[in-house]
Amino acid sequence: GQLQLDSKATNVVTRWNKRMTNGYALDVNYTFSRLEDNQFGESNSFSNRQGSALDNYDLDGEFGVSLLDVAHRLNVNATVQLPFGEGHRWLAEGVGDALLGGWTVTVAGRYQTGFPLNISQSSNNSGLLGSNQRPNLVPGVEVMTTGSQEERAVSGWINPAAFTSAPAFTLGNVPRTNPDWRGPGQRTTDLAVSKTQPIGGGKTLSLRVDVLNLFDDPLFLSPVTTFGTATFGQITTVGGFARSMQFQVRLGW
């Protein structure tokens with residue numbers, strides 16, 4: 001029969017939006033997705049590039065969750081106008097209005113599950129010259145460790161005891177991907193605080209403070225997925241950036 005590369009995608013998107021009324025606005029959207037394929041060569045910054053097919057004559061056997069799959073993703077954007085200053089409940093005039101009036105706080109957050117992992121074996125003992133090789137699973141042993149992302153990043157993300165080397169001239173039984181074997185999830189929250197103050201003569205003074213990565217969440221990259229190496233299952237690289245702040249002052253006329 002003819003060998004064929006296939007892909008299948010499923011997406012469910014839910015969104016709730018509230019425009020600015022009563023001093024606040026909110027936009028929340030959640031996406032559930034499932035991307036499956038049997039393609040090779042695909043990769044991203046958070047999932048190691050996979051090798052070739054284990055069996056070039058059975059590409060249907062490689063069909064499974066894609067390395068690009070993100071099962072769950074949540075985006076939240078909220079804006080609140082503080083109830084001080086002209087047109088609000090408290091401190092509608094005078095010094096109180098000048099100091100506390102007109103402030104707006106905006107929070108933007110993005111949270112998602114990690115990408116699937118492709119586990120291979122460092123020594124290619126299949127004897128097929130150029131074929132990929134994967135280890136064997138140890139029955140009854142959990143592949144993924146438990147704990148918080150920060151704990152697992154230090155102690156190990158994948159349990160090496162869950163695998164053994166495939167014997168020479170055989171193919172390992174580890175699947176190309178497994179929907180339950182995923183790298184670290186991603187979370188980032190940004191904060192913006194701004195104020196616009198009239199200063200007379202049609203002029204305005206705008207102040208703004210941005211805090212990027214408010215909670216200083218690390219953006220862990222993929223653990224090492226090559227069984228047989230000294231760092232197998234460990235996270236050795238962190239991407240993204242640490243918490244940072246920026247200030248802006250703008251005079252308008």
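Mentor: Ring pairs link F163, W181, F227 and F232 into a cluster. Rings of Phe, Tyr and Trp (its six-membered ring) pair if their centres lie within 6.5 Å; planes under 30 degrees apart count as stacked, over 60 as edge-to-face and the rest as tilted. Keep in mind that this is a predicted model, where local features need pLDDT of at least 70, side-chain atom pairs count only at pLDDT 80 or more, and totals for chains, interfaces and linings use all residues. Residues are numbered from 1 along each chain as its sequence is written, and side-chain values use heavy atoms, with hydrogens and water left out.

Trainee: How many aromatic pairs does the rule give?

Mentor: The count comes to five aromatic pairs. In one of them, the ring centres of F163 and F227 are 6.0 Å apart and the planes are at 45 degrees, so the pair is tilted. F163 is in strand 8 (residues 163-164) and F227 in strand 12 (residues 226-227), so this pair ties together parts 64 residues apart in sequence. Strands here are DSSP runs (E, at least two residues), numbered from the N terminus.

Trainee: Is F163 buried or exposed?

Mentor: F163 is buried, with a relative accessible area of 4%. Buried means under 20% relative accessible area, exposed over 50%, partly exposed in between (1.4 Å probe, protein chains only). F227 also counts as buried, at 12% relative accessibility.

Trainee: And which type of pair do F163 and F232 make?

Mentor: Their centres are 5.6 Å apart with planes at 85 degrees, so the pair is edge-to-face. F232 lies in the loop between strand 12 and strand 13 (238-239), so the pair ties together parts that are 69 residues apart in sequence.

Trainee: Switching topic. What does S120 touch?

Mentor: Leaving out residues up to four places away in sequence, S120 touches N132, Q133, R134, P135, T225, T226 and F227. Contact means heavy atoms within 4.5 Å. S120 sits in strand 6 (residues 120-121) and is buried, with a relative accessible area of 15%.

Definitions and conventions. Helices (H or I, at least four residues) and strands (E, at least two) are DSSP runs, numbered from the N terminus.
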